[in-house]
Amino acid sequence: MNTLESFYPVGTPGQPWGAPERAQWLALQQVQRSYVDEVVSKVDLLRTRFDVSQYGELDYPSGRYPLFAVRSRDWDAALPVMLVTGGVHGYETSGVQGALQFLDRHAANYAGRCNLLVAPCVSPWGYERVQRWNAQALDPNRSFVPNSPAQESAALMALVAPYKGKVVMHIDLHETTDTDESEFRPALAARDGKPFEPGEIPDGFYLVDDTENRQPQFQQAVNAEVAKVTHPAPADAQGQIIGSPVVAEAVIEYPLKALGLCASISGARYTTTTEVYPDSPKATPQQCNDAQVAAVIGALDYALAHR
């Protein structure tokens, strides 16, 4: 049963997708929720307290999507810049809603202490379709590279570029879901013409550190704050989480820049990628949002204390 035919309906086993297969995949994607109603409306409510700007616009045949950034109102060049990104993978709901919840309920606590720059929904096309990829079947979180082929990634890099070297902390909010194993990893294998090898989804929260800039105490501080809200992910029988060795409780490492990951774009000293598990029987959607908020607070507090 470990064949591409068993796992994904687009493409020919062993052959990477061309334009016809990408078009077939695109035709399967359907709008399931509203970016305007669930994200833009909440961003608009923040305008009385923050500076909100449009930093780009996605242009797809299915429509145009404005991209919004939220900044501290009293921006002070003498203060450190702290970057929060959500929705790089549009289907990872708590990353988007957690970023918005943090802004609404907690960001005021950091006024005068740092400059906040928040991009709550990097991939609105994917948000509406509950999809990991963009409309070109590209993963934005493998596309933070020079001359990026992904509109979402290129726009965010352009937003952050003026602050490079000034950003002290960057936290990128993600989820690991059951659909990673049932849909997105099989789709990736089919797209690239490779065999699909089943994996294991961890039950709980974990973080991704940077192999080129390890900050273990920072990761521990973030996890300690999140542990007040939800449970950490255990290692599997091989001592791994999603195929990577566990280097500390609920922490793995990736080479962020080499993989074109979002958390690499700012050059921040402190970086982390959160991974919430929304399909856990032990967690609710609100708990997942709260976990993302706790991660942001833990990251900010540590970075401010150790900059």
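**Close-up 1. Y302 is a buried residue of a predicted model.** Relative accessibility at Y302 is 11%. Buried means under 20%, so Y302 counts as buried. Y270 has a relative accessibility of 1% and counts as buried too.

**Close-up 2. F218 and Y302 form one of the aromatic pairs of the model.** The count of aromatic pairs comes to 12. In this one, the ring centres of F218 and Y302 lie 5.8 Å apart. Their planes meet at 55°, so the pair is tilted. The pair links distant parts of the chain. F218 belongs to helix α8 (residues 216–226), and Y302 belongs to helix α9 (residues 285–305). The two residues are 84 residues apart. Both F218 and Y302 are buried.

**Close-up 3. Y270 and Y302 form an edge-to-face pair.** Here the ring centres are 5.5 Å apart. The planes stand at 90°, so the pair is edge-to-face. This pair also links distant parts of the chain. Y270 lies in strand β10, while Y302 lies in helix α9. The separation is 32 residues.

**Close-up 4. Ring pairs build an aromatic cluster.** The cluster takes in Y8, W17, W25, Y60, W125 and W133. W133 also has a charge over its ring: the charged end of R191 sits there, 4.8 Å from the ring centre.

**Close-up 5. R33 places its charged end over the ring of Y127.** The distance from the charged end of R33 to the centre of the Y127 ring is 3.7 Å.

**Close-up 6. The largest pocket holds about 740 Å³ of space.** Its lining has 35 residues. Nearest the pocket centre lie R132, R142, R185, I242 and Y254. Four elements each supply at least two lining residues: β5 (167–175), α7 (178–192), β6 (206–210) and β10 (270–276). Helix α7 gives the most, with six residues. The lining of this pocket divides into 12 nonpolar, 10 polar and 13 charged residues.

**Close-up 7. The second largest pocket has a volume of about 320 Å³.** It is lined by 17 residues. K164, K257, S264, I265 and S266 lie nearest the centre of this second pocket. By class, nine of its lining residues are nonpolar, five are polar and three are charged.

Note on methods:
Residues are numbered from 1 along each chain as its sequence is written. This is a predicted model: local features need pLDDT of at least 70, side-chain atom pairs count only at pLDDT 80 or more; totals for chains, interfaces and linings use all residues. Side-chain values use heavy atoms; hydrogens and water are left out. On a 1 Å grid over the protein atoms alone, a cavity is a set of points where a 1.4 Å probe fits but cannot get out, and a pocket is an open set with protein on both sides within 12 Å along at least five of seven lines; lining residues have an atom within 4 Å of a point. Grid points are joined across faces, edges and corners, and a volume is the space filled by probe spheres set on the points. Ala, Val, Leu, Ile, Met, Phe, Trp, Tyr, Cys and Pro count as nonpolar, Asp, Glu, Lys and Arg as charged, and the others, Gly among them, as polar. Rings of Phe, Tyr and Trp (its six-membered ring) pair if their centres lie within 6.5 Å; planes under 30 degrees apart count as stacked, over 60 as edge-to-face and the rest as tilted. Buried means under 20% relative accessible area, exposed over 50%, partly exposed in between (1.4 Å probe, protein chains only). A charge sits over a ring if NZ of Lys or CZ of Arg is within 6 Å of the ring centre and within 35 degrees of the ring normal.
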